[in-house]
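Please read it with the structure open.

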Amino acid sequence: MRAMFHDWPGLALKSFYWLFVLYLFLPLSLMVAVSFKDASFISFPLGNLTIDWYAKVIQDKQFLDACLYTIMIAAATTAIATVIGVWIAMLIGSLRGATQYVAFAIACLPAVVPGMISAISLRIFITTIDLPTGTVAIILGHVVHAVPFVVVMVLTRLRSMPGNLVDAARDLGADSTVTFFRVTLPYLGPAIFGGMIFCLLLSSDDFVRTFFLGGYRPTLPMLIFARVQSGMSPEINVMATLVLVVTAVVGLYAEYLTRRSRIR
Amino acid sequence: MAVGTHAAGGGIPVRAAQMKYSTGIARVIHSPLYRYTLGAVAEWRYGRILLLAGVPVVWMLMMHIGPIYEMLRISLLSSYPPQPGVEARFTLDNYALFFSEKLYWMPLLRSFIYASIATAVTLVVVYPVAYYVAKVVSAGSRSRALLLLLAPFWAGEIIRIFSVIMLLANRGAVNVLLREIGLTERPIQMLYTSFSISFGLVYMVCLYMLLPLYSAIEKIPKSLLDASADLGAGPFTRFRRIILPLSRDGIVSGCSLVFLTCMGVFAAPILLGGPTTSMFSETISSFFHGASSRWPAGAAFAMIMLAASLVTVGLFMRVVGGTKQRTF
Amino acid sequence: MEPVVQFENVRKSFGSFVAVDNLNLNIERGKFVTLLGPSGCGKSTTLRMLGGFETPTEGRILLSGRDVTMVPPNRRNVNIVFQDYALFPHMTVAKNIAFGLELKGVDQKQIQRRVSELLELVQLQEFASRLPSELSGGQRQRVALMRALAPDPDVLLLDEPLSALDAKLRQTMQIELKAIQEQTGKTFMFVTHDQEEALTMSDTIVVMNNGRIEQMGDPASLYKRPGSAFVATFLGETNLLRSDVVGTDAGEAAVRWNGMTIKASAGALSPKAGDAIYVVLRPEAIQCSAGEPGVANRVKGRIRQRVFKGNHTSLKVEIGEGHLLNALVHPSEVEGLSLDDIWVGWSAEATTLIPSRNAS
């Protein structure tokens, strides 16, 4: 009796948490449900179910091309942003005092600036450097956006690294390059892996930068955006569901791997 | 930290004499090619600095500061991109344009209001959730409880906005449910209104509130709460006197992040809003598209938005986070 | 024989703080040398200079006759066992040990042989494929030691490597460390603030204070014949009696302390009458008895405190008014003694004189 009375805030918080989880999942679940609807418009109740829309979508040339394009851009973004992000983190890690603070602020700038402004400024910038809109511009924009996240994740890990490890490697005959590749880089491994997954998700989800920097070939978010604007159909639900499933699998797998490495 | 055997051990210990060691690395670092190039640079003090700082400094100056600088420069020009026969000159007209018409400044005000509402609502809604995960859930299942909240955000901006339509459309789940239980005869118009925009914004950005709040609350020592409970403080006193002040950092960074993100949203107002709810990013965007594109004006408007957002966040940080807590 | 390490007038300052001042030190090959001193005395800086992680402000350092003052750590033939071991967490035990060999360009067969040899030396053959996180503190310590020994350094530097271990394990490791040093014949340079560690393992102890060498020598002579009050109090427990010389006679001096005359061996000192001086009297040199003992120095006293510690008893004996002497005696010596009326005594050889200007 007494215990229950004392724990009412705990119970209230617990119910609130689950309500919040429901709030997060409800729209997405509805979206998945509608993808099976046997009608050409979106409405409730669902009525008859079908997988015809899936059959249609996986034969949709434009959709498949957008998938491929998105993956290509995400892969390139991840590769470049990881290298630059780790490099910047190494630099910031070696700085002290005010310089470190300033460098960190500059490194984080693209993640803090509102997305719209970042997109506009990049659009102007590529014109200045005479880079046409299209694949390269998109990748550049995505890399700029992703680098700060890699920096923060890697820097957090770097700060937990015992300073003696680098000294020990030097002592045993490694110069600074060898030390970086044989000791520091493996130590940063889990953080770099986490950063790479983050880059993949950031790049494949990005809309506003792609919108301003892209050419005529759409990425997945662009394709879905265009289809929504030109009229709703369960087809869109199917595409969104497929993307949702793939990102969820990637995310869960990454989570599983990082947790396993943490237990080690 | 870990117990158990390493995979390579597999229970049966491998003898050191049977293990493979890397001899390639020595071949590389003792080769003349390495010794006279990268190796020499790494041995030289300034070479090391160059190796470490060269690429990052160039990248950050060019790609982090460059675009913003370029946008500022363009916003002060009379015409851009350069056209043959037209000479661009320095001007403040682009900024003056903003104040000249309601059509221009009204959307900024609207953006500002939506962002503020979304920030406030997100804070109030997410705070208890963050607190629950950080302090009530047992340490063992904490990461699972957190994962459940993170998972929906992997879906991405556009998909999440689209899913909100499922809920709020005239024939969407909410309206159908209301009709079924007999509360309404005709559907309530929720989509393409201020409500759908606010709802969509909150749905889009609540993660940015959750993570800073969670990490701030998690750092509050449990012993502090126990001690205050021991001294007779009830749950509300404890919350007001201890938890809230100690999670201030999280509140400040969460609110700043959410506010900045909301100011910069582009797709949500287009997909969820109507003609009367247009936000400032749409205004800016209109300068960059179509035949009548006027980039300098767009750049100036973007600068105004950037300044307005940063000033707001700065003021907020000063007011809420300014008086530094005395730590005991 | 040429010393393996030579410090010549080495000075190291950080800003206005002088960490090491005018250091001249030669270390013989194959010796176990300990740098002993309180924290901030410059011992770690000395070690890091030899390792190559600090550059001397002045002076030079020679390693096997070669000037290495400006040589980076990866190009000098010394290896360090770090205080927290600094084992590479992502490499197995064998890989950790092989690290230095791999970089030297030793071939596969030789690395395999050397690594298993070293693991055998510390009986860790079964652990070759474990990660450092799967080892106990003592095992990590051994791996760190073997990793530093693997590339066959001229000198092995040990930076307080036992301080992270618990007391019991520390004692075992002291013995083991000394045994490994003797077995391998390597020069060990060991840094510690723990006088017991220094006394147990060293061939030579270098006592440092305020960036300078206070005294150096083998443990027994340092303990028996400390050259300064600092050394006397830092190495073991001691009674430091401030006295005045009243006379000298054939290597012995008579001093006055607390109203009594003490005969003490003068050691290297040649005191003159009237000099102010310290008498160093170790607690275990004092004997207690009911009757008057037959030694050079004897006086009556009262036992103020008695603590039984198993194999010995620790006493505080009051001599005259308010002067306390610490004594360590065998428990049977004080059995049945009346507390208020005992004799204490010690021989002249058990004491050492140190000039009082060295007193801090």
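Buried here means under 20% relative accessible area, with exposed over 50% and partly exposed in between (1.4 Å probe, protein chains only). The model is predicted: local features need pLDDT of at least 70, and side-chain atom pairs count only at pLDDT 80 or more, while totals for chains, interfaces and linings use all residues. Residues are numbered from 1 along each chain as its sequence is written, and side-chain values use heavy atoms, with hydrogens and water left out.

**Helix α5 of chain C**
- Helix α5(C) runs over residues 167-184; helices are DSSP runs (H or I, at least four residues), and strands are E runs of at least two.
- Buried positions in α5(C) are M173(C), Q174(C), E176(C), L177(C), K178(C), I180(C) and Q181(C).
- These buried residues pack against several elements of chain C, including β3 (32-36), α3 (108-121) and β8 (187-192).

**Interface of chains A and C**
- Chain A contributes 16 residues to the contact and chain C 24 residues, with contact meaning heavy atoms within 4.5 Å.

**Salt bridges**
- The two chains share 2 salt bridges, each a side-chain nitrogen of Lys or Arg within 4 Å of a carboxyl oxygen of Asp or Glu.
- R182(A) and E102(C) form a salt bridge through their side chains (3.3 Å, N to O).

Definitions and conventions. Chains are lettered from A and ligands numbered from 1 in the order in which they are written. The expected span of a helix is 1.5 Å times one less than its number of residues.
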